Amino acid sequence: MRTRFFSTGLILTLLVGLLAAAPAAAQEPDASVEVVDNDFSPNDVTIDVGGTVEWEWTGNNPHTVTSNDDAWEASPVQMSGTFEVTFTEPGTYDYFCSIHSGQVGSVTVRGDEGPVGPVDPENVSGDDPVETALSYSATLPDGSSANAIIGTSGTFPDSLASGSLQGFLDAPLLLTPTDDLDDRVEAELQRLQVTDVTILGGVDAVSQAVEDELAALVSQVTRLEGPTRIETALDIATQLNTSQPVDTVILARAFGADTGGGPEGSDAFADALGGGAVAAQNEIPVLLTRTDVLEPGVSAWLTDNQVQTVIIAGGTAAISDGVASGITDLGITVERRGGSNRVSTAIRLALGGAEPLLEPLADVTQPATVVQGEGELAWASGFAAAQTSPGGILLATGDIMPADTLNSVFATGAVRCGATLSDELCGQAQAAASVDGKVPAQYIAVMDSDQETPPNDTGASGTAAIYAAGPEGLCFTVQTFELSGPITVSHIHDGDFGVAGPPTITFTTAAAELAPGTRTGCVNGIPQEPLAAFTADPAAHYVNIHTDANPGGEIRGQVFEPEGLLVAGLNGDNEVPEPGDPDAEGVAVVWDTGVADELCYVVDQGGLTPAASMAHIHRGAAGENGDVVVPLDLGAGGNLFAHCDRGLDTALVEEILTTSSEFYVNVHNEPFPAGAIRGQLAEESRD
């Protein structure tokens, strides 16, 4: 996971002796990379042999440009200036900042034989599985792979378990039509100088004629096969186990839902997308079974090979609890890594997570690869990415970058885009990766219906947390409370408090639902003029949420850079002299917005029943009752409400913010008119 740390004093001391050591420029750079705070921008560049890459420090923190490859010496620790490297050999060179974990990039150097770097996603349609798979092997340098794996481009079943073999053999997965060896695949085998090929599936998948063509090109051809995809996966597992006995396997679904005789849907391979990359990283076999039946051959293989742990890829809709129980009955430990959908399953496989606590199976020091997880040909990209995705695979779905995927990218801090991922989705992922997950939102808007011009009577409210995301992006999380209907569009508008202004940045069009009423997303490629205007003076902008019932805006809130944060934990035991509601536990958050006569707040009543009839900030220390100093607006009366009060006494606002422990929040309802839940305000650190 992302870890950001450094000692400023030590770094500045090192700078005195090391800045002069930066190598002199050998020529005009062919590619430029900005070393911004905790990111390289762009992360990945492609040049020709003999080209030079220049890194320029433009952020406020010290960084290095370091590679484990002999192609360059590490840059000194720098906070400014430039660093250059000239590359004389083709290949892909990964590099990183030695101070900030997760700050990574790569340089791909094209040789005289043509491009060996990543295929531009714009040039990979996703309609041709052969081309899609080649886009990943193209990142490998000339002559770098003695092994290759060949599957059919016509369908996915025999490639379902290919990830473990890619890791074991350190071999790319290439795809070709059943009856003819594609010329592009032949050229790739020659470029990589492959000597050994492993075919996946029987002659109905990859014909004998193709095997004969391969035998004329390489020294050895091996075929791993079975009557069905299940037996092919077992043959692959046996190959791995013969060379290095394994005690852990991944178990994925073999078949998708019944499609009534039509082609199988993507659910048949969805869980294997994430499973393949971690199988490659850990060199553990992937086995397949039906959703509700533990295949006898799989059961026998687990027993015969003394497997100790089976990692189930997917939820119970993919692999049933009955199958899991059958494995447990064999004396084998079962670890389920699955969620409610393919997106959460990929995350659990790569990054682990809580409830239950699971360690990552991916190398979290490496960037995750985001691939398209929907569509009948999505398997070609997901399976072929396994070898080059030690950081694991995360999924997009159609034209949406899911909220769970974005949140995972926020946490890991580095990402690469699969070959067929659209520019828009790739931009969102890259923007999310550039957000420092340990830093709170730089900008907040607390929205309510009273701030609309003119105000409306819906009583709806909400919050927007906005994060800077690289030089052209913003990420955001929007929560809405008691909104009249779905959000139609949201904007950042240019306009002071109480003044209607034009929209300048649209930011919820690409949002995905994280939870009911909560949407998160990223926007990249924002034009420089409105983005610069927003970051230069955020207080001169507001967030507006539009709905069908209120097309001009239902809730609105002025943007502020939070200067302080007060939090009160609310419960019935805090009430005096009599206890309040014993079953409700809420929280109140109050922001220092930097406006002298304003307080903005959000209150969660914690399931108070019936809902609050009044809420206030009172003057008074813990255990004491005091006078109301600020009535809190209940909005539409839901469990959560947000509001901004402007025009308050400035001395009172200052007193609340600077002596918060002398004030408390009290929420009242009908059964507890003197107070149902209460909590003392306290300053919360924003480090």
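Mentor: Before we start, a contact here means heavy atoms within 4.5 Å. We're looking at a predicted model, with local features needing pLDDT of at least 70, side-chain atom pairs counting only at pLDDT 80 or more, and totals for chains, interfaces and linings using all residues. Residues are numbered from 1 along each chain as its sequence is written, and side-chain values use heavy atoms, with hydrogens and water left out.

Trainee: Okay, which residues does Ser-41 touch?

Mentor: Skipping residues up to four places away in sequence, Ser-41 is in contact with Ser-32, Val-33, Glu-34 and Pro-471. Ser-41 sits in strand 3, residues 39–41. Helices (H or I, at least four residues) and strands (E, at least two) are DSSP runs, numbered from the N terminus.

Trainee: Why is Ser-41 called buried?

Mentor: Buried means under 20% relative accessible area, exposed over 50%, and partly exposed in between (1.4 Å probe, protein chains only). Ser-41 has 17% relative accessibility, so Ser-41 counts as buried.

Trainee: And what makes Thr-345 buried?

Mentor: Its relative accessibility is 2%, so Thr-345 falls on the buried side of that cut-off. Thr-345 belongs to helix 10, residues 342–351. Apart from residues up to four places away in sequence, Thr-345 touches Asp-271, Ala-313, Gly-314, Gly-315, Arg-337, Gly-338 and Gly-339.

Trainee: Which residues of helix 9 are buried?

Mentor: Val-323, Ala-324 and Ile-327, in a helix running over residues 321–328. Looking down the axis of helix 9, those buried residues fall within an arc of 100 degrees, so they line one face. That arc is the one of the directions from the helix axis to the C-beta atoms. Packed against the buried residues of helix 9 are strand 14 (248–253), strand 15 (286–289), strand 16 (309–313) and strand 17 (333–337).

Trainee: What makes something a cavity?

Mentor: On a 1 Å grid over the protein atoms alone, a cavity is a set of points where a 1.4 Å probe fits but cannot get out; lining residues have an atom within 4 Å of a point. That gives 2 cavities of 30 Å³ or more. The largest cavity has a volume of about 60 Å³, volume being the space filled by probe spheres set on the points, which are joined across faces, edges and corners.

Trainee: How does the lining of the largest cavity divide?

Mentor: Into 4 nonpolar, 6 polar and 1 charged. Ala, Val, Leu, Ile, Met, Phe, Trp, Tyr, Cys and Pro count as nonpolar, Asp, Glu, Lys and Arg as charged, and the others, Gly among them, as polar. The lining includes Asp-39, Gly-102, Val-104 and Gln-430.

Trainee: What about the second largest cavity?

Mentor: About 30 Å³, with a lining that includes Asp-44, Pro-367 and Arg-416. Strand 9 (104–110) and strand 20 (415–417) are the elements giving two or more residues to that lining.

Trainee: Why does the radius of gyration agree with a compact globule?

Mentor: The rule is 2.2 Å times the number of residues to the power 0.38, with the radius taken over C-alpha atoms. For 687 residues a compact globule would come out near 26 Å, and the protein has 29 Å, which agrees. The C-alpha trace spans about 90 × 65 × 45 Å along its principal axes, and 54% of the residues count as buried.

Definitions and conventions:
On a 1 Å grid over the protein atoms alone, a cavity is a set of points where a 1.4 Å probe fits but cannot get out, and a pocket is an open set with protein on both sides within 12 Å along at least five of seven lines; lining residues have an atom within 4 Å of a point.
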